[in-house]
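Q: I am new to this structure and would like to learn how to read its strands and its core. Could we begin with the strands?

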Amino acid sequence: MRLLESSGNLVYLSNERSVFNMFTYIHFTQQEIADFEAQPVSYRAYYDNGARWIGRVGEEAFRRWLTLEELSFTDLTGIGPSWIDFTVGNLKIDVKTVGAASAIKDTYGCNFTAEQYDKMEQAEMEYKPNCFVFMRFIASERAVAIVGVKSKKNFDKDKLERCAGVAVTDSYTPKLNTYEIQIDQCSPPQRLVEYIRARNELNV
């Protein structure tokens, strides 16, 4: 594990091997999480499950990760009507964060609600992302895992539609219609770094 300092806060970066790839974890203090929970609800919140602040934690984790990787970026979080959170070079990135009570499981997917994704598709082209970064906030560790990266083009090609109320696994039944890919269909975040630095075609 590497211990780095960023903006006066200690940020832990670690790599843990799963079945599929290396996850990068960014940890937060208890006070930082409490501060996120206390923030007012954003107009970009879509759920009424009491965890709207989790998206903000994911965005902050990705912001710190970009900074620690010394990548130049533009922060567009909270600026409507764009669906883009960050731009890095010619990448227009949407950061998607969901909560998890404990460690990431192999059966977890990376998804959008169908309603949310369809709304994004109706947006003007300049406001649409071309790359997704999937994150998981692990409450027990106060950490965000950067699970993987997927271009929108390949997400559209690989996604499966999950119907509300239909079990996907013994422990997971979506409450809403969703579009989903599996974790092993994503690329690790280091691939994104390599692309940005080499300016090659994004093939994730």
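A: Two strands are said to pair if DSSP finds at least two bridges between them. This is a predicted model, and in it β5 and β6 pair in the antiparallel sense over three bridges, with Phe 86 standing opposite Ile 93 in β6.

Q: How many residues lie between β5 and β6 in their hairpin?

A: Two residues separate these strands, and Gly 89, which sits in the turn, has a positive phi of about 60°.

Q: In which sense do β6 and β8 pair?

A: Here the sense is parallel, and the pairing of β6 with β8 runs over eight bridges; within it, Thr 97 stands opposite Met 135 in β8. As for covering, β6 is mostly covered, since seven of its 10 residues are buried, where buried means under 20% relative accessible area.

Q: Which residues touch the most other members of the largest nonpolar core?

A: In soluble globular proteins, nonpolar side chains tend to be buried together. In this model the largest nonpolar core has 28 residues, and Phe 62, Ile 93 and Leu 192 are those that touch the most other members. Among the elements that each supply at least two residues of this core are α2 (54–68), β6 (91–100) and α5 (189–198), and the largest share, six residues, comes from α2.

Q: Beyond its neighbours within four places in sequence, what is Phe 62 in contact with?

A: Phe 62 is in contact with Phe 86, Ile 93, Val 95, Val 133, Met 135 and Leu 192. There is also a second, separate core of 23 residues, which includes Tyr 25, Trp 83, Tyr 117 and Phe 155.

Conventions. Residues are numbered from 1 along each chain as its sequence is written. This is a predicted model: local features need pLDDT of at least 70, side-chain atom pairs count only at pLDDT 80 or more; totals for chains, interfaces and linings use all residues. Side-chain values use heavy atoms; hydrogens and water are left out. A nonpolar core is a set of buried Ala, Val, Leu, Ile, Met, Phe, Trp, Tyr and Cys residues joined through side-chain atoms within 4.5 Å. Buried means under 20% relative accessible area, exposed over 50%, partly exposed in between (1.4 Å probe, protein chains only). Helices (H or I, at least four residues) and strands (E, at least two) are DSSP runs, numbered from the N terminus. Contact means heavy atoms within 4.5 Å.
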